[in-house]
Amino acid sequence: MTFEGLVRRARALTDGSRRAVLGIVGEPGAGKTTLAEELCAAIAAQSPPGWVAHVPMDGFHLADVELDRLGNRDRKGAPDTFDALGYAALLRRLREDTDEIVYAPGFERVIEQPIAGAIPVHRTARLIVSEGNYLLLEDERWSRVRPLCDEIWYADLDRPTRLDRLIARHIRFGKDASAATAWATGTDERNAEIIAATRHRADLVVPASLVRAVGTPPPEPGRVADF
Ligand SMILES: Nc1ncnc2c1ncn2[C@@H]1O[C@H](COP(=O)(O)OP(=O)(O)OP(=O)(O)O)[C@@H](O)[C@H]1O
Ligand SMILES: [Mg+2]
């Protein structure tokens, strides 16, 4: 399996008339967002303008105000801290392919909050690449997602690399080293186990060797670029 092979397989999900949805799933920090971004960039480079769109599941994080009301803010990232039905409704609307423009919510990592209206999807978009944790979950709410995707791929990454990257990202976004490690091996790890249990349902498992080689390391905190 090669990255170019993944690009070909994703493009082939639609003949260019029907709108298709590709889902990418994986454990926290496995590289779903990075893989989706790189795939979209490679596909965009060989397609008409606006042909591919990246629509993350992350935008369906519930806002802190609602997590406080539900009392589960300390488990942010768990299956019940997202608006699963809202995500399924967005995928359905994208598949219906009738609205001139569909706005998807984004997720702002610095404030850890969803942002409505952040991602425009125009009618030109024939391939939607969506990615997130729970696309293959079989519970009552999340199970609506699977039938709305043409294929769902599982991004595999070896645990040491995944934890290193996850902890580094928590630190980059403001946690101190011990809080970052505690979150990655606590809340994130419980979610990782839930996600790993859905791996067998994926249409394709993208091997760790390939996932690890995609993307570039982010700059270290406080490092000023050399010019
Ligand atoms: N080649 C690379 N080398 C080092 N770090 C990388 C590389 N590619 C991506 N990363 C970093 O690894 C981290 C996790 O990647 P990414 O955000 O794509 O994973 P994710 O599966 O979307 O995570 P989440 O489940 O939290 O949304 C990010 O901080 C990203 O910048
Ligand atoms: Mg992500």
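**Cysteines and aromatic rings**

Author: The sulfur of Cys 149 has its closest cysteine sulfur in Cys 40, 14 Å away, which is too far for a bond. This is a predicted model, in which local features need pLDDT of at least 70, side-chain atom pairs count only at pLDDT 80 or more, and totals for chains, interfaces and linings use all residues. Residues are numbered from 1 along each chain as its sequence is written, and side-chain values use heavy atoms, without hydrogens and water.

Reader: How many disulfides does the structure hold?

Author: A disulfide is a pair of cysteine sulfur atoms within 2.5 Å. The sulfur of Cys 40 lies 14 Å from that of Cys 149, its closest, and this is too far for a bond. The number of disulfides is therefore 0.

Reader: Is Cys 149 buried or exposed?

Author: Buried means under 20% relative accessible area, exposed over 50%, and partly exposed in between (1.4 Å probe, protein chains only). Cys 149 has 6% relative accessibility, so Cys 149 counts as buried.

Reader: Which residues form one aromatic cluster?

Author: Rings of Phe, Tyr and Trp (its six-membered ring) pair if their centres lie within 6.5 Å; planes under 30 degrees apart count as stacked, over 60 as edge-to-face and the rest as tilted. The structure holds 5 aromatic pairs. Among them is the tilted pair of Tyr 134 and Trp 142, at 5.5 Å centre to centre and 55 degrees between the planes. One aromatic cluster is formed by Phe 60, Phe 82, Tyr 87, Tyr 134 and Trp 142.

Technical notes:
Chains lettered and ligands numbered in written order.
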